[in-house]
Amino acid sequence: MSFTTPPRPVDPVALFPGLAPLARTATRLHPRPGSPTVHDSSVGGPLLWPADEPWPHCEGPHDASLAEDTPRSAEDIRALRRVRAASAERRLRDRRAPVRTPEEDEVWRRHGGGRPWFEGPVPMLPVAQLYARDVSLPARPAGTDLLQVLWCPCGHGVSEPRTALFWRSAATVTEVLDAPPEPPAIEKDGYLPRPCLLTPEQVTEYPSTMELDEELQDQLADESRWEAAGAEWDDGEAEDPQDFYFRNLATAPGWKTGGWTFWSLTDPEPRDCPTCGTEEIPLLTIASSEWDDGSVSWRPAEDPADPAQHLPGAPSEPTLVDIRGGYTLQLHVCPASPDHPHLQIME
């Protein structure tokens, strides 16, 4: 199934010609629950990892005093997710149905209590695998056609899992690691992505309001300019025209590659490569949701209009990833060299 982002409520370039040279292409990944293989682009799926290459571990530190939630194993999290899904489906059919059955209570007793905190190096978790045949990958190193992203099962005290990027040529992987190690515990359930297949779609993005020059910001704020063009900006959600632009015209929500950096918590910050000083560019956005009440115009046409009618995690939260209660983690890479450290921005 393909997913189609609706046309923007307003043509931003027709209304503000100064935006035209700032247009960038982003690729929305549109992850949806499935059963990916090592040969698929995926979120949370198995990786095409060479059998003779060590699985990446995070060396820490992993401070138990900074843990936000009850650490659970991947097996625990998967079992509890099955119980939650069964309960939600049952109560969707009959609101008088029990929240949990006796069998589901037993699953909670067995898997809900938590696991001991880990010490020393800990295996990292697969987050995404992206083949260049499926997804546009900015700053892709020559000779590679596959990006693999992993992260630590611990938030390191700031609810930002430490990420690791691996570029490789798929053709060089002749024997695949069958059973990658899993961490003994994961700090937050939302750090374990649910396996999803991707249906990539390219869209056009523009800078967030705070990255525009003063002239363009003034134009966006001028209500008379919108009225003269017959363009509606008051959709009931936006506080002012600049807010409408930010929500509906600038950057797409959800998992994506490329495009512009999304700023919401902080003012734009320098993204200079710590090695060479080159400005790093957006590679991958890891999102807690595909869209929400503030970005509903970006909801794919194929997704139902009322998410309340659906089971938890679909369609607006397909991956079950949660970054600090609903934020995004944006990975930036240096276009000068893939060997330079990448940057993480949480917004």
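## Helix 4 and helix 6

Helix 4 and helix 6 are roughly perpendicular to each other, because their packing angle is about 105 degrees and angles of 65 to 115 degrees count as roughly perpendicular. Helix 4 covers residues 214–221 and helix 6 covers residues 241–250, and their axes lie 7 Å apart. The model is predicted.

On the helix 4 side the contact is made by Gln217, Leu220 and Ala221, which meet Pro241, Gln242 and Tyr245 of helix 6. By class, this contact between helix 4 and helix 6 consists of four nonpolar and two polar residues, with no charged ones.

## Helix 2 and helix 3

For helix 2 (residues 74–93) and helix 3 (residues 102–111), the packing angle is about 155 degrees and the axes are 10 Å apart. That angle makes helix 2 roughly antiparallel to helix 3, since the term applies to angles over 145 degrees. The two helices, helix 2 and helix 3, cross with left-handed geometry.

Helix 2 contributes Glu75, Asp76, Ala79, Leu80, Val83, Arg84, Ala86, Ser87 and Arg90 to the contact, while helix 3 contributes Glu104, Val107, Trp108 and His111. Sorted by class, the contact of helix 2 with helix 3 has six nonpolar, two polar and five charged residues.

## Largest pocket

The largest pocket holds about 790 Å³ of space. Its lining is made of 35 residues, and those nearest the centre of the pocket are Arg81, Leu192, Pro193, Arg194 and Leu320.

## Second largest pocket

About 590 Å³ of space lies in the second largest pocket. It is lined by 27 residues; Phe246, Phe262, Ser264, Asp292 and Ser295 are the ones that lie nearest its centre.

Helix 6 and strand 12 (281–287) each provide at least two residues of the lining of the second largest pocket. The largest share, four residues, is from helix 6, the helix that also packs with helix 4. The lining of the second largest pocket divides into seven nonpolar, 13 polar and seven charged residues.

How many cavities of 30 Å³ or more are counted? The count comes to one, and the largest cavity has a volume of about 30 Å³.

Lining the largest cavity are Asp235, Glu237, Arg247, Asn248, Asp293, Gly294, Ser295, Val296 and Ser297. By class, one of these lining residues is nonpolar, four are polar and four are charged. Ser295 lines the largest cavity and is also one of the residues nearest the centre of the second largest pocket.

## Backbone features

The peptide bond between Gly60 and Pro61 is cis, with omega at about 5 degrees. Pro61 sits in the loop between strand 4 (57–58) and helix 2.

Ala139 has a positive phi, about 60 degrees, although it is not a glycine. The loop that holds Ala139 runs between strand 6 (125–131) and strand 7 (146–151).

Key: Residues numbered from 1 in each chain as written. Predicted model: local features only at pLDDT ≥ 70, side-chain atom pairs only at ≥ 80, totals over all residues. Heavy atoms only, no water. Axes fitted to C-alpha atoms, helices over the stretch in contact; angles between N-to-C directions. Parallel < 35°, antiparallel > 145°, perpendicular 65-115°, else oblique. Left-handed = near helix turned anticlockwise from the far one by under 90°. Contact = heavy atoms within 4.5 Å. Nonpolar A, V, L, I, M, F, W, Y, C, P; charged D, E, K, R; others polar. 1 Å grid on protein atoms, 1.4 Å probe; cavity = no way out; pocket = protein on both sides within 12 Å on 5 of 7 lines; lining within 4 Å. Points joined across faces, edges and corners; volume = space filled by probe spheres on them.
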